[in-house]
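The following note sets out, point by point, what can be said of the packing and cross-linking in this entry. Please read the points alongside the coordinates.

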Amino acid sequence: RGKLLAVLRDRPLENAAALDMNRYIWWTWPGWGETAYPISQYIEKNVSAKPVTVAFDYCEPFYQAPGINWVSADFTKCRSIDDLKLQLEELKSRSVDFQIISKNMSNRQWCLNAILGKMKDRAVFVDRQQGFEYGWLFRFSDVLEAFPR
C-alpha cells in the first residue's frame, strides 16, 4: 500500500550524452562566419591552382580570399537520390571544384545528410570548433564519384 519508488538521475551522464555528436548532431553550432573562415583559409593556403570554385550550402561566407569563387548550392528541394544526382549535375555544369557541407544544413536537408553520411571520412578538411565538427570540405569530383549518374 504506499510503496515509495525512488528514481535516481545521473546529471553528468545526461549532460555528456547531450554533447555526443553521434546522437545529437544539430543543436549547437557557431555562426557561419566562424566556420566558413577556417575552410576559406584552408583553401587559400592549400589549393595552388586558382581560381577555384567552391559550392556552399548556407550563406555566402564572410571571408573571401582572392581566387576563390563562391557559388550557392541550394539543396532545399532535394528529397531523393534522383534529386541529389540532378543537383550534382547542375553544380558540375557550374565547374565546381569543392563543396562545403555545413552541420546546420546537413541536419535540415536530406540530400546534404546523404552526402555527409556516405562521405564524411573523405573530407579534405573538417572545421572543428571546440572539439565539434561544423563544416566539411569535399573535392567535388569525389562527391560526383560517390553518386554516379
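1. Throughout this note, buried means under 20% relative accessible area, exposed over 50%, and partly exposed in between (1.4 Å probe, protein chains only). Helices (H or I, at least four residues) and strands (E, at least two) are DSSP runs, numbered from the N terminus. The model is predicted, so that local features need pLDDT of at least 70 and side-chain atom pairs count only at pLDDT 80 or more, while totals for chains, interfaces and linings use all residues. Residues are numbered from 1 along each chain as its sequence is written, and side-chain values use heavy atoms, with hydrogens and water left out.

2. Helix α3 has 13 residues and reaches 19 Å from its first C-alpha to its last, close to the 18 Å expected at 1.5 Å a residue (the expected span is 1.5 Å times one less than the number of residues). Just after α3, Ser95 takes a positive phi of about 60°.

3. Which residues of α3 are buried? They are Leu84, Gln87, Leu88 and Leu91. These residues lie on the same side of α3 because they cover an arc of only 100° around the axis, the arc being that of the directions from the helix axis to the C-beta atoms. On the other side of α3, Asp82 and Ser93 are exposed. The cover over the buried residues of α3 includes β1 (52-56), β2 (68-72), β3 (98-102), α5 and α6, where contact means heavy atoms within 4.5 Å.

4. Leaving aside residues up to four places away in sequence, Leu84 touches Phe75, Cys78, Cys111, Ile115 and Phe147. Two of these partners, Cys78 and Cys111, form a disulfide with their sulfur atoms 1.8 Å apart (the criterion is a pair of cysteine sulfur atoms within 2.5 Å). The structure holds one disulfide. Distant parts of the chain are linked by this pair: Cys78 is in the loop between β2 and α3, Cys111 in helix α5, 33 residues apart. The link of Cys78 and Cys111 is left-handed, with -80° about the S-S bond, and both cysteines are buried.
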